[in-house]
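Here is a short tour of one protein model, written for someone who likes to check values against atoms. Please have the viewer open as you read.

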Amino acid sequence: MKLLVAITGASGALYAQRLLDNLDTRQHELHVVLSNYARQVIAEELPAGLHLPDGARSHALKSMNAPFASGSNPPDAMVVIPCTMGTLGRIAHGYSEDVLLRAADVVLKEKKKLILVPRETPLSLVHLKNMELLLQAGATILPANPSFYAGPRTIQEVVDTVVARVLDHLGLPHNLVPRWSEEKE
């Protein structure tokens, strides 16, 4: 699978890092692009910096020569994690000023999988209307809302509850968190 992971300036860089940690570049072609503000948030939230897996290809935000910037070569799936409301709104309205936004536009028009992981609260009516537009266009909105039924004990385990759902929606196997089980009789 050809995967594109886009990281924006929303708080929650650990979500992106944990997703990257759980993508196997021996099995998948992995591309990464960061928004301008993503670098600032990563510097604040990941003191050791962002670690890309061996084999991942990083692309400059203004490079429209990236292989996924054209409908003739779309990724199979794109995840924007974390996703600012500004990025979500620009994607919803087809504003494609850089390769991150252009790639999302390509993914939608080519009917590939686009997963947006917003990390924002509270939500305004504008946010919800933009989400509605994206849902109608075929995107998956997967908010960074962790679950607690498995009793996570560390921040990483809490983050992994969201990353596990992203991997589920990509159709990729994982063992990050236990599955919900049936009630015992």
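Which residue just after α4 takes a positive phi? That is Lys111, with a phi of about 60 degrees. Before going on, please note that this is a predicted model, in which local features need pLDDT of at least 70, side-chain atom pairs count only at pLDDT 80 or more, and totals for chains, interfaces and linings use all residues. Residues are numbered from 1 along each chain as its sequence is written, and side-chain values use heavy atoms, leaving out hydrogens and water.

Helices (H or I, at least four residues) and strands (E, at least two) are DSSP runs, numbered from the N terminus. Buried means under 20% relative accessible area, exposed over 50%, and partly exposed in between, with a 1.4 Å probe and protein chains only. Among the buried residues of α4 are Val99, Leu101 and Val107.

Now for the aromatic rings. Rings of Phe, Tyr and Trp (its six-membered ring) pair if their centres lie within 6.5 Å; planes under 30 degrees apart count as stacked, over 60 as edge-to-face and the rest as tilted. Searching the whole structure gives 1 aromatic pair. Tyr149 and Trp180 form it edge-to-face, with 4.8 Å between centres and 90 degrees between planes. Tyr149 sits in the loop between β6 (140-141) and α6, and Trp180 in the segment after α6, so the pair ties together parts 31 residues apart in sequence.

| Residue | Relative accessibility | Class |
|---|---|---|
| Tyr149 | 48% | partly exposed |
| Trp180 | 64% | exposed |
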